[in-house]
Structures are given as C-alpha cells and as structure tokens.
Amino acid sequence: MPPSTDPFGRRRTLLQRAAWLCALLVLVVTGLSAFLRHSSAGLDCTPWPACHARAARAEAARAPPSAAEHTARAVHRAVASSLLLLLAAMAAFAWRRSLRLAAEGRVVLVALGLVLFLAVLGPFTANTRAPAVTLGNLLGGLLLFAACVRLAVPPGAMGEQQRQRLHLWSVVAGLVLLLQIGLGALVSAGYAGLSCPQLSSCRPGADGWAALKLWLPPGEGAGMPEYAAGMGVHLLHRLATLATLTALGMLALSAWQAKRRREAALLMALAALQVELGVTLVLAQLPLAAALAHNLLAALLLGTVAALAARSAPLSPRL
C-alpha cells in the first residue's frame, strides 16, 4: 500500500515529526540545566578558583542568583512543561485504539517516564551536593534526548550483515558513551575538574576515589587544583576516553560500510571536537562556555548513536 494511503504510515510520519520537536525541546532543557548547574558551581566566578571551592562546601551560603540564572530557570520550567504536554499528546496519539502504534508508543512511554523522573529529581537538585542527583539529572536528560531521536529516525535500507554489524556497534558505543558521560558527571559533581592539571601528576592515593561515592558530598579542598579525592574519577574519565573513541570509531566504520557516510563523518567530527573541548577545560581551568559546549556535544554524540541504532533496526513492539 502506498504511504499516502496507509493510515499507519501517515500516523507514524506525524509521530516522527513530533519526536524531532521533542528532541529539540530536550536539548534546550538540558542546555539550560547545564547552565544552572555550572553557574551554581561557580564556573567563571571570581576570585578563581577560591570561589569555585567555596561553592563546593555544603555549609557555604549560595550566592544570590544572577539575572541570567533567573531567566534561565523560568525558561527551563516553561520548556519542560511544554515537553511534558507534548509527550502526553504523543502517547495519546500513539495508543489510539483504532490505529495503535505499539512499538512507537512504548518509546513515548519511556520518554514520558524519564520526564516524570526528572521532575521528581528537580527539587533535590538545588538543595543537595550529592553526586547521585547530578548523575541522575544528566543521564536522565540525555537518555530522554536519545529516546526522542530514536523515535524520530526511521530504519534505513542496507544489507543484513551490515545491519547486524551497525546495530551491534551502536549498542556497544551507546553503553560505553553513557559510562563516559556518567564519569564526566561525577567529575563535575565532585568538583574534581581541577584535580589533574597534568596527566603525569594524576596519581590517586588511598583517598583519591572518594568522588565515586554517589551520596558523599565533595570533601575538604574540592574545587581547588590537585584536589586529592577527585583524582581517581578524573583519571578514570580520561582513560575511558580511549575506550569511547575506540567504540565510536568502530561504529563510524560500520556506518561508513553501510553507506551511512554522513552520519559516520558527523560522529567522528563530534568525537574530535569533544576531545578538544575536554583538553580545553583542563588547560583553561573550566571556562563556563567550554563546559556548556562539552554538555551539548555529549548530547549530540548520544543522539547520533541513537540515530544509527534506529537506522540499523526497526522499533520492536517488545521494547
């Protein structure tokens, strides 16, 4: 049946377009969330890095929010509310009884669940310095973005062997990338960004792994150069970069062989930019603009991996 006369095809196309809008709204929300989080942590504050270290202390009084933070928080709430309404409408549309799109509907429900999880987590974000909250906030937002992209991208035409290889490496790269993003979130939440100004000096001792304890707030000296308790997670984040680049490289190669060459080139360009930004963050001592770009590129990398996963396999009703 031609797509123009296929009611399921028309509904699927409409849902895919709505999913692109969903992905855009999520990108805005995660960007604003990153701005609020990093501003609260004192990035670009003065005198640096003493003000950054002061923000890490649980007993320290928070500085009054700036006008930019007030605006960002208001826009964040408005866009997040719009996103919730959009996903609720998408769920109702996908699960309409007469023309049900079960596979797409399940992805929408997953996305809706992630939005509700982030809404529950939201009130704790401003009142705690436990790394678990930052980790949940960041991973939840990026998984939501990936879910919207996964829903928006239709499967592509390719040989069965190429499809299987692309699907395998998209899953592997996605898992490795999520691990790397999680380690980056712990570096940020543990105020460990300045712990290892040089790789040769990054030698964590017995107390160098404290930032990996998800419910433990940053300790004494957090936010200062060569903060001992943050060296372990900082070193892991750097070493995991090698595994991440390997997995992304294999995925890009699989995509190239499957004739998805634009996606392959985009993936490697984003990965190269992300590495460059990581180096800039360390050498320039955590400029706010670089930190925000680092968050944005993490989302775009995960979205590209999700798009390649979508190209390699149609949605399963069991998802």
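Mentor: Start with the order of elements. From the N terminus on, the chain runs α-α-α-α-α-α-α-α-α. Bear in mind that this is a predicted model.

Trainee: How many helices and strands is that?
Mentor: There are 9 helices and 0 strands.

Trainee: And how compact is the chain?
Mentor: Its radius of gyration is 21 Å, close to the 20 Å from the globule rule for 319 residues, so the chain is as compact as a globular protein of that length.

Trainee: What box do the C-alpha atoms fill?
Mentor: Roughly 65 × 40 × 30 Å, along the principal axes.

Trainee: What share of the residues is buried?
Mentor: Of the 319 residues, 49% count as buried.

Trainee: Is H5 largely enclosed or open, and why?
Mentor: Largely enclosed by the rest of the structure, because 20 of its 22 residues are buried.

Trainee: Switching to contacts. What part comes from residues 24 or more positions apart?
Mentor: They account for 80% of the contacts with a separation of 6 or more.

Trainee: Last one, charges. How many positive and negative side chains?
Mentor: The chain has 27 positive and 11 negative ones. The centres of the two sets lie 13 Å apart.

Technical notes
Residues are numbered from 1 along each chain as its sequence is written. This is a predicted model: local features need pLDDT of at least 70, side-chain atom pairs count only at pLDDT 80 or more; totals for chains, interfaces and linings use all residues. Side-chain values use heavy atoms; hydrogens and water are left out. Helices (H or I, at least four residues) and strands (E, at least two) are DSSP runs, numbered from the N terminus. The radius of gyration is taken over C-alpha atoms; the globule rule is 2.2 Å times the number of residues to the power 0.38. Buried means under 20% relative accessible area, exposed over 50%, partly exposed in between (1.4 Å probe, protein chains only). Contact means heavy atoms within 4.5 Å. Lys and Arg count as positive and Asp and Glu as negative; His and the chain ends are not counted. The place of a charge is taken as NZ of Lys, CZ of Arg, CG of Asp or CD of Glu.
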